[in-house]
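Subject: Structure for you to look at

Hi there,

Here is the structure I promised to pass on. Please open it alongside this message and have a look as you read.

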Amino acid sequence: FGGKAYLVSRMEGYDRASFDYFLNIITAFPADYLLRPVAAAVNALGGFFNSGLLAGLMIFGVFLGLLATANLRVACLCLFIFLYIAGYPAFLFRSQDYFHLLFIPFFFIGYIAQRSLERAGRIVPPLSLPHKFPEFGEKTRLPSITAARSLGFPIAALTLAVTTFAFARAIQDAQLEPVIDQFWSAPTRQIAHTLSPGPDGGMTVTIRPFDCDEEQCIKKEPGGALQSEHTYLMARFDRGRCDRKSVTPEFSYGSHDQKHLQFDFSRAVKIPFEDAPSAKIFFSVFSDPGSTLKHISLPAAEAACLQGIHAFLKNTEPRYFLFMALTDKWRTWRRHMILSAEKSWRIDNGPEVSKR
């Protein structure tokens, strides 16, 4: 709320505010929102075998195919349950939320082994299981029907997923350019910052917490942390000010009260100018007691590229805060995430989930 209000869970209005925030993101980035749970599910498919995407999908496909021959409704239910349980960590962002999901492939492999032994036991009696597990009331079917179910269900599930993503991406690409243009073209004003020598021969950019007269500044509460007047800023880099092909700023976040520091949003970004005259990085300042921007670090040779730090004019700040790097040629980029490290330069050292 622009630093005017601070809500945490269990406070009145938190659920309503968070719902409105997610609704804004879903309507602007429908394809990306769908892709995050899929990326989390793919991560779970690897299991302890570190098998990668292809092997995990093959195991999952064989599992669904065998299950579909027994009961299509149970196969549909298992597909839904897997996507729901394996996909929810995409919205929690912590590695410990994935750990227990790595056991899921053991269930798939166990079911495949069970069905394989049951079928092998019909040919070689000594290989049959001591007690036959129920097979959801499976009845004798023609081989053609069994094959259609075994192959048809995984193929239909994959086709439905691909079609859904293609539709969501078409919508997103059509509507996202005006949304990003609001960030790029929003009126801003330059605010005060200082440059000082940093470690390893670099330069440290420190943003002054207040960009106002003393009478208008927010007073520091007794025992409280120093707040900032700004919650969301933009750093502009001008290629004409330096002879560099790229810039590599590092954003450092921390807290005045380390006891309440739950997330460290620090990250390094490498931004090639791509023959563009300038680049912009949009980033959050946040507010205490959470993670707050401490400073921005730059190699000394790239410090001259920094044209300035800018704040949005009143009532022009975006509806949501994205950590986003853009050059003047951003309109030619793909405006959706994919399951690979395409343009991974945007967040080189960020959390893995941010690359997916």
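Below are my notes on the cysteines, a sheet with its hairpin, and a surface patch.

Please keep in mind that this is a predicted model.

**The cysteines**

Searching the whole structure turns up 1 disulfide. Cys242 and Cys305 are the partners, with an S to S distance of 1.8 Å. The bond links distant parts of the chain, 63 residues apart. Cys242 lies in the loop between β4 (232-238) and β5 (246-247), while Cys305 lies in the loop between β10 (292-298) and β11 (306-312). The torsion about the S-S bond of Cys242 and Cys305 is about 105 degrees, so this disulfide is right-handed. Both Cys242 and Cys305 are buried.

Cys76, on the other hand, is in no disulfide. Cys76 counts as partly exposed, because its relative accessibility is 42%. Cys78 counts as partly exposed too, at 21% relative accessibility.

**The sheet and its hairpin**

If you turn to the strands, you will find an open sheet of 5 strands in the order β2-β3-β10-β6-β7, with antiparallel pairing. The edges are taken by β2 and β7 (267-268); each has a single partner strand, so one side of each is left without a neighbour in the sheet.

The partner of β2 (residues 193-197) in this order is β3 (residues 203-207), and 5 bridges join these antiparallel strands. The hairpin of β2 and β3 has 5 residues between the strands. In this hairpin, Asp200 is worth a click, as it takes a positive phi near 60 degrees.

**A nonpolar surface patch**

Last, a feature on the outside. Leu77, Phe80, Ile81, Tyr84, Ile85 and Tyr88 form a nonpolar patch on the surface. Together, these residues have about 610 Å² of accessible area. One of them, Ile85, sits in helix α4 (residues 72-87). Is Ile85 buried, exposed or partly exposed? With 36% relative accessibility, Ile85 counts as partly exposed.

Happy to talk any of this through once you have had a look.

Best wishes

Terms used: Residues are numbered from 1 along each chain as its sequence is written. This is a predicted model: local features need pLDDT of at least 70, side-chain atom pairs count only at pLDDT 80 or more; totals for chains, interfaces and linings use all residues. Side-chain values use heavy atoms; hydrogens and water are left out. Patches are made of residues with over 30% relative accessible area and no salt bridge: like charges are joined within 9 Å, nonpolar side chains (Val, Leu, Ile, Met, Phe, Trp, Tyr) within 5 Å. Accessible areas come from the Shrake-Rupley method with a 1.4 Å probe; for residues, only the protein chains shown count as cover. A salt bridge is a side-chain nitrogen of Lys or Arg within 4 Å of a carboxyl oxygen of Asp or Glu. Helices (H or I, at least four residues) and strands (E, at least two) are DSSP runs, numbered from the N terminus. Buried means under 20% relative accessible area, exposed over 50%, partly exposed in between (1.4 Å probe, protein chains only). Two strands pair if DSSP finds at least two bridges between them. A disulfide is a pair of cysteine sulfur atoms within 2.5 Å.
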